[in-house]
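Biologist: Please pick one part of this model and go through it closely. Where would you start, and what lies around it?

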Amino acid sequence: MMNNKCVLAVLPHPDDIEILCAGTLIRLIGLGYEVHLAIMTPGDKGSAELTRTEIASIRRREAQEGANIIGAASCRCLEFSDLEIVFDNSARRLLAGIIRQVDPFLVITTPPHDYMMDHIITSQLVRDACFNAGCKNYDAQGEAIPAIPYLYYTDAVGGVDMFGRNTPVSCTIDITAQIELKTSALACHDSQRTWLRRQHGMDDYINSMQSWSAKRGAKIGVDYAEAFVQHRGHPHPQDDILAELLNRV
Amino acid sequence: MRRFYLSGLGASILALLLSGCSHGNNSPAPAASGSMTPAQIQAIENNPKISPQMKAGVLAQSQSK
């Protein structure tokens, strides 16, 4: 159908990929797609005890471990800082350069209406980069991409926008057969898991991911699932390629 | 709650995820077949953060495909 087999997931923090879309990425890899991962920050504010440098070093390593379990072709950190991702021309050019370098046919990121600004700005930057990367005279690294990629947004946190309204879902992907691998990938983020385990006395980190995946799965009559909404604004492709690819197996 | 948020952004996502569940158009998507690559198996087996139960679960799920 198409020669381009590259997929790019760009999410804000080191464990967001495992929580929100790892099962779907594992399925795509199983179909022969080349999946590249990018995290916007090294999770440098994800600790109450360690310094920014210390926790960032740990979480970069955890992200790579998770990527190895997912089976990703690459995993890069774009080195923004937690709570400080901004929409400016420098950030726009950086993201466009990543899109040009990977040249994905399909991109996954966080939704435009999410619970915190890092998720919202990441969504805006990725959407913007998908568009700009195809403009030959845009001042970003690399050559202009030949086609605007498919763009999908993950679930918003809680499945609601800032007004408490349900956010849209255009496709829900069965990840029942991938849940153990997804769980193992998330378990790599031990710094976050350990913190929650100490605070709550239980393995909330893993259990919460599985509970959310089970809730999504229940919507389509399977054990576990991940939900997405497709960006259908001009000039992105309009057909639901994700559902098409993963429904027909 | 403030300390919780500042201490773990990823963890806070999960806490918030569980606070609600939305509705939408669903496309039933059966699971793909396929097994793990040797690199994935090695990444799991060599990682001490993956408990023996998790390793067993991954192996069982991989073999059931």
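Modeller: A helix here is a DSSP run of H or I with at least four residues, and helices are numbered from the N terminus. On that basis Glu45(B) belongs to helix H3 of chain B, residues 38–45. The model is predicted, and what follows should be read as such.

Glu45(B) has 11 C-beta neighbours inside 10 Å, and the cut-off for exposed is 12 or fewer, so Glu45(B) counts as exposed.

On the H6(A) side the contact is made by Glu180(A), Leu181(A), Thr183(A), Ser184(A) and Ala187(A), and on the H4(B) side by Met54(B), Gly57(B), Val58(B) and Gln61(B). By type, the residues of this contact are four nonpolar, four polar and one charged.

In chain A, strand S6 covers residues 171–174. In a regular strand the side chains alternate between the two faces of the sheet. In S6(A), Cys171(A) and Ile173(A) point one way, Thr172(A) and Asp174(A) point the other way, and all are buried. S6(A) runs antiparallel to strand S7 of chain A, residues 225–230, and four bridges join them. Across this pairing, Cys171(A) stands opposite Phe228(A).

Thr167(A) sits in the loop between strand S5 (150–154) and S6 of chain A. The cut-off for buried is 20 or more C-beta atoms, and Thr167(A) is buried because 21 others lie within 10 Å. Its C-alpha is 8.7 Å from that of Val229(A), although 62 residues separate them in sequence.

A further element of chain A is helix H2, residues 22–30. Nine of its nine residues are buried, so H2(A) is largely enclosed by the rest of the structure. Among the buried residues are Leu25(A), Ile26(A), Leu28(A) and Ile29(A), and also Arg27(A). Just after H2(A), Gly32(A) takes a positive phi of about 100°.

Notes: Residues are numbered from 1 along each chain as its sequence is written. Chains are lettered from A and ligands numbered from 1 in the order in which they are written. This is a predicted model: local features need pLDDT of at least 70, side-chain atom pairs count only at pLDDT 80 or more; totals for chains, interfaces and linings use all residues. Helices (H or I, at least four residues) and strands (E, at least two) are DSSP runs, numbered from the N terminus. Two strands pair if DSSP finds at least two bridges between them. Two residues are in contact if their C-beta atoms, placed from the backbone, lie within 7 Å. Ala, Val, Leu, Ile, Met, Phe, Trp, Tyr, Cys and Pro count as nonpolar, Asp, Glu, Lys and Arg as charged, and the others, Gly among them, as polar.
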